[in-house]
Amino acid sequence: MAEDTSRSIGPIVLLGPPGAGKGTQAKRIAERYAVPQISTGDLLREHVRNATGLGVLVKDIMARGELVPDDLLYDIVADRLREPDCKRGFILDGFPRTAPQAGWLDAFLENEFFDNSEPGKCGPIVIRLDVDYNELLLRLTGRRTCSLCGHIYNVHLQPPRVDELCDVDGSKLIIRDDDREEVIRERLFAYERQTQPVAKYYEGSARLVTVDGTLPLEGVSEQIFREIEAHSTGC
Ligand code: AP5
């Protein structure tokens with residue numbers, strides 16, 4: 001995939017249900033435009049692994065497949081977005097996922113993002129990945145992730161060359177704790193109830209675009225790159 005660092009792509013939000021391919025596509029966008037992927041799920045899992053104060057608070061909530069309360073997210077997202085590598089743009093994977101989080105993000109970007117921006121100029125491009133329920137179940141129950149580099153596989157759809165080992169670095173592949181069927185159902189329910197309103201929040205502004213997430217990886221990426229290049233703000 002050719003890298004394109006000639007443009008500032010601004011903020012990108014990937015929206016979609018668990019298993020839609022947000023993480024997979026975020027990595028491909030990050031590679032193409034050399035901007036960071038910011039996954040709130042990954043940030044929270046790191047806190048859980050390190051048993052920080054936040055990690056202890058959210059561990060059981062995440063294990064049940066419920067959303068973490070909004071106000072526990074704002075500091076970690078703000079701290080990450082203030083890092084210098086976000087200046088040319090960034091990809092938010094898994095944030096915002098409630099309407100209040102979307103409002104918080106708009107206010108944050110308007111107040112703090114890109115020093116010379118005009119108000120409203122640098123609103124995110126919101127890319128929603130559309131995938132049906134049965135395909136989501138297949139993707140989540142088959143997902144494996146490299147324990148070292150985070151590369152994502154699927155035993156049904158994108159298996160590694162050698163069973164349970166990463167193609168990139170040979171490390172062991174792991175199954176995420178919340179990819180058990182009963183937890184998956186709760187996560188999909190939380191998406192319907194709490195994250196669908198985020199699409200409503202962005203609907204009506206030219207910022208929300210929907211792409212067909214059921215295509216093969218490259219086909220999904222092509223649609224996303226086209227949208228990014230059509231909507232990039234030049235911020
Ligand atoms: P998070 O880590 O964000 O998980 P999620 O939203 O449930 O999304 P996933 O990571 O499961 O799926 P994905 O869309 O990234 O799919 P992937 O690319 O891996 O959140 C986890 C938890 O953290 C939440 O439940 C909540 O508790 C908490 N949390 C996080 N953010 C929060 C927030 N903002 N507010 C409150 N709580 C928050 O792909 C899935 C599988 O499909 C893979 O196996 C992949 O290989 C395969 N695949 C992908 N694309 C394709 C394709 N085109 N064709 C075939 N297979 C494909």
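## Strands and how they pair

Two strands count as paired if DSSP finds at least two bridges between them, and strands themselves are DSSP runs (E, at least two residues) numbered from the N terminus. With that in hand, β1 and strand β3 (residues 89-93) pair in the parallel sense over 5 bridges. Here I12 has I91 of β3 as its bridge partner.

On to the next pairing: β1 also pairs in the parallel sense with strand β4 (residues 125-130), over 4 bridges. L15 stands opposite R128 in β4. Because 6 of the 6 residues of β1 (residues 10-15) are buried, this strand is largely enclosed by the rest of the structure; buried means under 20% relative accessible area (1.4 Å probe, protein chains only).

## About the model

This is a predicted model, where local features need pLDDT of at least 70 and side-chain atom pairs count only at pLDDT 80 or more, while totals for chains, interfaces and linings use all residues. Residues are numbered from 1 along each chain as its sequence is written, and side-chain values use heavy atoms, leaving out hydrogens and water.

## Around the ligand

A polar side-chain atom of R143 lies 2.6 Å from a ligand oxygen atom, and one of Q101 lies 3.0 Å from a ligand nitrogen atom.

Definitions and conventions:
Polar contact = N/O pair within 3.5 Å; in protein donor to acceptor, adjacent residues only side chain to side chain. Buried < 20%, exposed > 50% of the residue type's maximum accessible area, 1.4 Å probe, protein only.
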